[in-house]
Structures are given as C-alpha cells and as structure tokens.
Amino acid sequence: MAANHGNHKMCVRNVPIFNHLTEEEMNEVFRKVESRSYAKHGHLYMAGEPKDSLFVLHRGKIRIYRLNEEGREQLIRVLMPGDFTGELALFGEDALHDSYAEIVQDSRVCEIRKSDLYVLLKEYPDIGIKIIERFSRRLNEVEQQATNIALLNSEERLIEYIRTHADDEDFLTLGMTKKDLASYLSMQPETLTRIFKKLESDGVIGKVDNRVYRVLDYSIL
C-alpha cells in the first residue's frame with residue numbers, strides 16, 4: 001500500500017459522513033486524513049490487529065468477513081464507495097479487530113486516526129451524527145440478518161434478500177459474487193445456485209445475466 005496525499009481531498013469530499021461540511025471545515029478534515037491505495041487481494045486489516053482508525057472507502061470494493069472455529073468464512077458485509085469500517089475503534093478502549101477486511105478491487109481508502117477523529121467530533125458534531133446514523137442502520141441490518149439466519153430456511157433467506165434488495169424497477173443487481181452471497185446468507189454455494197434455479201423455474205425471477213435478475217412475481221416475496 002502507498003500513501004497518496006494528492007487525492008485525499010477528493011476522498012473526503014465524496015463520502016457521506018463528510019460531504020455536508022463547509023469548505024473551511026473540509027480543509028480542517030483534510031489535514032487529518034491520509035489517503036492510501038490498496039491492491040486487490042491485500043487486506044486493509046486482519047483479525048488480531050489493533051483497532052485505532054476509521055477507514056472510509058473512496059474507490060474500489062472491500063469485503064468484511066469473520067472466520068468461525070472451523071475456519072469457515074462468514075461474510076459480514078461488502079463495502080462500496082462511501083462506506084466505512086473500523087467504527088468500533090471509536091467506542092471504549094482500544095481493542096483488536098475480530099474480522100478481516102479483504103481488498104476485492106484495487107481501492108483508495110481515507111484513514112483517520114482515532115485521536116484525530118475525536119478532535120474533529122468535538123469541533124464538528126455533525127460528523128458524529130452522520131456516523132451514528134450510518135452505524136445505526138448497519139446494526140439494524142446485522143440484527144435482521146442474524147434473525148433471518150436463525151428463523152428462516154435457505155430458500156426463505158434468499159427470498160427475503162431479493163425482496164429487500166430489488167430496486168424500484170424490479171431489478172436485483174448483485175453487489176457481490178454468488179459465493180459471497182452464499183456466505184452472507186449462511187448457506188453453501190451449491191444450495192444458493194439450486195434455489196436461484198428453482199425461483200427461475202417457478203417464474204418468480206428471470207435471469208438477465210449472472211449478476212442481474214428481474215422480479216417477475218411478488219406474490220411470494
């Protein structure tokens with residue numbers, strides 16, 4: 001990875017937790033942010049490393065996952081531009097990461113040290129409000145996902161995912177590979193493939209390509 005101070009202004013301007021600031025406030029954030037490039041297949045951080053920074057993804061894609069006791073991956077979420085990770089470093093004492101942040105595509109990331117971010121939060125409380133709002137939505141998503149895994153069978157989990165992720169024009173565009181989606185929904189990839197084919201056969205969805213489906217029948221969703 002390599003630091004690049006020439007692009008950190010754009011990084012800050014384009015992320016939702018900062019882009020509401022005035023120009024003067026932006027300049028203050030610029031001085032505390034470091035922008036770094038990460039190559040595909042690397043890691044932003046790994047389990048066991050200290051949590052002492054907030055990371056905001058400016059460009060690229062990052063997958064956050066944990067390993068269970070058997071060494072099996074459980075996908076937590078996929079970060080897209082504007083998303084952040086490391087927010088737990090803001091709460092309580094310094095601790096260690098319990099997850100992995102793998103670089104899926106070449107990425108540029110804004111990094112703000114915990115101590116510097118605390119200074120910004122005191123000066124510009126709106127930043128903290130934005131972080132709390134996003135963090136709250138993320139917690140709700142994690143809780144709902146845990147509930148779905150506990151109470152729904154594999155087909156019901158995929159149906160719920162389709163229902164909540166299809167756009168207003170009834171298209172479902174997968175933001176992750178099907179292998180990752182299977183991990184996120186806590187099922188085997190072959191199980192996910194079988195259920196997709198069943199829903200196609202039943203006329204519930206129609207396949208546009210490997211990443212895009214159209215919802216044809218909402219009656220079971």
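A charge sits over a ring if NZ of Lys or CZ of Arg is within 6 Å of the ring centre and within 35 degrees of the ring normal. K178 meets this rule, lying over the face of F196 at 4.9 Å from the ring centre. The charged end of R138 likewise sits over the ring of F84, 4.7 Å from its centre.

A word on the source: this is a predicted model, in which local features need pLDDT of at least 70 and side-chain atom pairs count only at pLDDT 80 or more, while totals for chains, interfaces and linings use all residues. Residues are numbered from 1 along each chain as its sequence is written, and side-chain values use heavy atoms, with hydrogens and water left out.

Now to the ring pairs. Rings of Phe, Tyr and Trp (its six-membered ring) pair if their centres lie within 6.5 Å; planes under 30 degrees apart count as stacked, over 60 as edge-to-face and the rest as tilted. By this rule there are 4 aromatic pairs, including these two:

| Pair | Centres | Planes | Class |
|---|---|---|---|
| Y161 and Y184 | 6.2 Å apart | 70° | edge-to-face |
| F196 and Y213 | 4.7 Å apart | 20° | stacked |

The Y161 and Y184 pair links distant parts of the chain, 23 residues apart: Y161 belongs to helix α5 (residues 154–165) and Y184 to helix α6 (residues 178–184). Helices (H or I, at least four residues) and strands (E, at least two) are DSSP runs, numbered from the N terminus. Y161 is buried, at 7% relative accessible area, and Y184 is buried too, at 14%; buried means under 20%, exposed over 50%, partly exposed in between (1.4 Å probe, protein chains only).

F196 in helix α7 (residues 189–201) and Y213 in strand β12 (residues 212–215) are 17 residues apart. Both F196 and Y213 are buried.
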